[in-house]
Amino acid sequence: AQSCMANVKKSGLTVGTSPDYPPYESLNDRNEIVGFDIDLMNAIGKKMGMKVKVVGQGFDGLIPALISKKIDVIAAGMTVTAERKKAVNFTLPYDNSANVIMARKENLKYGTAASLAGRNVGSQIGTVQEQIVQGIKGASSKAFNLYTDAAVALQTRQIDAMVVDKTVADQFLKTYPDLRITGTLARNAKAMAVRKDCGDVVNRMNAAIIEMRKSGELAALTKKWLK
Ligand code: ARG
């Protein structure tokens, strides 16, 4: 079997992300992709002794891009799920947070999944949140290309609520003062993903993550971006 490590050593690590998910990844005012996942990947690349190049694209195309070798790593606040595990190889998790319901401040009544029956509920295409919304009895799922578009739609009353990671909701609250967190759903773990046949790359990334846990670097990044 060909070694993935040998290939990425030559070309560097091309990291795919969907920069609509602050604080994990978003575009700054100079249109650069910044965030927790970017700092984390740069630190991991440094420990592995290789260049890291971050490219932005739609979230739902990330796993296909990985499988077709357009990218080597997904770093996109991606939740570890049994279904995705069939297609990709996940690293150790680097974050664990709850999903929440967000609504406008006059709708604090949307506190549970059941309270969303008959409502238009937003998320992003291809995410676990889209699946959660699709599973809510009586709710109408409105999934957007970008998570930021879901937040705009909620603020501008095109949808009634949205389901999103709490860490991301906390960021949207800063931009949209009329929004509130109205309920809390199940927690989920996030990790980076590589191709199934790239176990050697995952092992090296995991070694870097463990090193960063021990040294306090991971805690410092978590504090900088996620707290
Ligand atoms: N954690 C969710 C998932 O894995 C949403 C991730 C969305 N990430 C993004 N960069 N837009 O499905």
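Modeller: A residue is buried if 20 or more other C-beta atoms lie within 10 Å of its own, exposed if 12 or fewer, and partly exposed in between, with C-beta atoms placed from the backbone. Bear in mind that this is a predicted model: local features need pLDDT of at least 70, side-chain atom pairs count only at pLDDT 80 or more, and totals for chains, interfaces and linings use all residues. Residues are numbered from 1 along each chain as its sequence is written.

Colleague: OK, which residues in H2 are buried?

Modeller: Phe 36, Asp 37, Ile 38, Leu 40, Met 41, Ala 43, Ile 44 and Gly 45.

Colleague: And why does Gly 16 count as buried?

Modeller: Gly 16 has 24 C-beta neighbours inside 10 Å, and the cut-off is 20 or more, so Gly 16 counts as buried. Gly 16 sits in strand S1 (residues 13–17); strands are DSSP runs of E, at least two residues, and helices are runs of H or I, at least four, numbered from the N terminus.

Colleague: What does Gly 16 touch, not counting residues up to four places away in sequence?

Modeller: Val 55, Gln 57, Leu 62, Ala 65, Leu 66, Ile 71 and Ile 74. Contact here is C-beta atoms, placed from the backbone, within 7 Å.

Colleague: What makes the ligand lie between domain 1 and domain 2?

Modeller: Domain 1 (4–94 + 191–225) and domain 2 (97–188) both give residues to the shell around the ligand, so the ligand lies between them. Those bounds come from an automatic or database domain assignment.

Technical notes. Contact = placed C-beta atoms within 7 Å.
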